[in-house]
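I opened my notebook to look up a few things in one model. The entries follow in the order in which I made them.

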Amino acid sequence: MTTTTGLHCLVTGATGYIGGRLVPELLDAGHRVRCLARSPEKLRDHPWAGRTEVVRGDATDAGSVAAALRGIDVAYYLVHALGAGSGFEDRDRAAARVFAEQARAAGVRRIVYLGGLTPAGIPVRELSPHLRSRAEVGEILLASGVPATVLRAAVIIGSGSASFEMLRYLTERLPVMVTPSWVGTRVQPVAVRDVLRYLVGSADMPPEVNRAFDIGGPDVVTYEEMMRRYAAVAQLPPRFILRVPMLTPRLSSQWIGLVTPVPPALARPLAESLRHEVVCAEHDIARYVPDPPGAPIGLDQAVSLALQRVREANVTTRWSSAGVPGAPSDPLPTDPDWAGGSLYTDERERAVDASPAALWRVMEGIGGENGWYSFPPAWAVRGWLDRLVGGVGIRRGRRDAARLRVGDSLDFWRVEEIEPGRLLRLRAEMRLPGLAWLELRADPPAAEPGADAVPGRGATYRQRALFHPHGLLGHLYWWSVSPFHALVFGGMARNITRTARRLDDETAASGGAPTGEGKDDERPPGPDAERANP
């Protein structure tokens, strides 16, 4: 097949796991890229952001989709409502129809869609809602009048993917497992590198091609075998696995949510899709996107590559990169007397005998394995409570151990704004009767440093928690938790500033460069030394 360069490509879902990795691959292949996003600011800090055009819009809004498709050669449709609660099939169907109609009206040359691999011989009505919806979206796009490529994948193995994270945490945390019967189902996993290669190569398919392609790696295994092979690659002791047939998909999803960071709302469709065997019926994609030597990548190599990325903290996108359905999306109100009603605040301010660079390093490193610098049991309990009511909990962790960017998930928060060296604003995605934010600032010292001050040191740390209640329940919630704020938020402010001071002291004692200079690769210190003293 002749490769065409310089195509103008639209990528929907660029804030998600696959979309965020596809964009740089298309750019490196010589294509121009436009991204359609509901929240363009989430793409601002991606390394490739300056090489793309980003437009605001929603896949269900015909006007914004039409504008985004204007002048586009190839449109990548990577939008779906996985884990979006009841009615997600209707939303998927409506969005796909809007996209198909507007792509045809805009004269788009090809639509490329990544869907799910459906089991052979199983009536559509017996498929899981997730797989059924993916199949229906593919059919809508194939019938659009625009040549379409529908790629159908089963389990995608790559650092940060929901499937990989589920596999990783189940295997690493449970040396002895009581598992549902679906762990005996055969699946054909595919490496994320191969998925991206097929997506990029699909842009060049000839116009007469309008069909679905099964994509998978060379290994066909049961989920149980996947866990055993993961353990071998990760150099873990052999796992003991006992199947229990009475575990329903609902119970399975709760079990997965208990052990892994993947919330039950997302785990359930993943588990339901494993009820039936999902194995490729053909490999016709190779006729149009030839496999280079060593491809497709095998399961063991895919796991090894993913683990290497995780250990090197080089995970570019994660399953949690996309927004959480039902989570608050309103920006932080700037007016204290917000038109939406009451706005409660908890504000803390401390002078810091540390350099602004050290303070920022601690602020940017908050969360994940570094913790929240105050009373860990309170944060753990809040995370468990959130999981019990269907929220994301506190175990999503961080994409990168030291660096944050707008749109990153951070435990049960999401990064709403960053001003490097100065401001970090987080928006809550836990289940709350209202909207909440946490804002951390590193400001210049409020007073002139004294004669005995260490040169280069001195900053003001400001911390603000905000809550906009919804109804009476929201007000009751704030007043019920406010007695604990001195312990949680006060302890956080004290320990963040102590840790920043300790960073500078350790740097001075070692004779190293001032904190923040030549140390960009280092993980920020955790609050372990401070936790006993909130």
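Below are my entries on cysteines, a sheet, its helices and a single glutamine.

**Entry 1, ground rules.** I am working with a predicted model, in which local features need pLDDT of at least 70, side-chain atom pairs count only at pLDDT 80 or more, and totals for chains, interfaces and linings use all residues. Residues are numbered from 1 along each chain as its sequence is written, and side-chain values use heavy atoms, with hydrogens and water left out.

I looked for disulfides (a pair of cysteine sulfur atoms within 2.5 Å) and the structure holds zero. Buried means under 20% relative accessible area, exposed over 50%, and partly exposed in between, with a 1.4 Å probe and protein chains only.

I took helices (H or I, at least four residues) and strands (E, at least two) as DSSP runs, numbered from the N terminus. Two strands pair if DSSP finds at least two bridges between them. I found an open sheet of seven strands with parallel pairing, in the order S3-S2-S1-S4-S5-S6-S11. Its edge strands, S3 (53-56) and S11 (211-214), each pair on one side only. On average, neighbouring strands of this sheet are turned by 20 degrees against each other, direction ignored. The axes here are lines fitted to C-alpha atoms, for helices over the stretch in contact, and angles run from 0 to 180 degrees between N-to-C directions.

**Entry 4, strand S4.** I followed S4 to the strands it pairs with. S1 and S4 run parallel and are joined by three bridges, and Cys 9 has Val 74 in S4 as its bridge partner. Four bridges pair S4 with S5, again in the parallel sense; here Tyr 76 stands opposite Val 112 in S5. Which residues of S4 are buried on each side? Val 74 and Tyr 76 are buried on one side, and Ala 75 and Tyr 77 on the other, so I noted both faces as covered.

S5 (residues 110-116) runs parallel to S6 (residues 148-153), with six bridges between them. Ile 111 stands opposite Ala 148 in S6. Helix H3 (residues 88-106) packs on the sheet and touches S1 (8-12), S4 (74-77) and S5; contact means heavy atoms within 4.5 Å. The direction of H3 makes about 180 degrees with that of S4. Helix H4 (residues 129-142) also packs on the sheet, touching S4, S5, S6 and S11, and its direction makes about 165 degrees with that of S5.

I picked Gln 102, which has its place in helix H3. Gln 102 is buried, at a relative accessible area of 18%. Not counting residues up to four places away in sequence, Gln 102 touches Ala 62, Val 65, Ala 66 and Leu 69.

How many of the 11 residues of H6 (residues 192-202) are buried? The number is 10, so H6 is largely enclosed by the rest of the structure. Among the buried ones are Asp 194, Arg 197 and Tyr 198. Their cover includes helix H1 (17-28), S4, S5 and S6.
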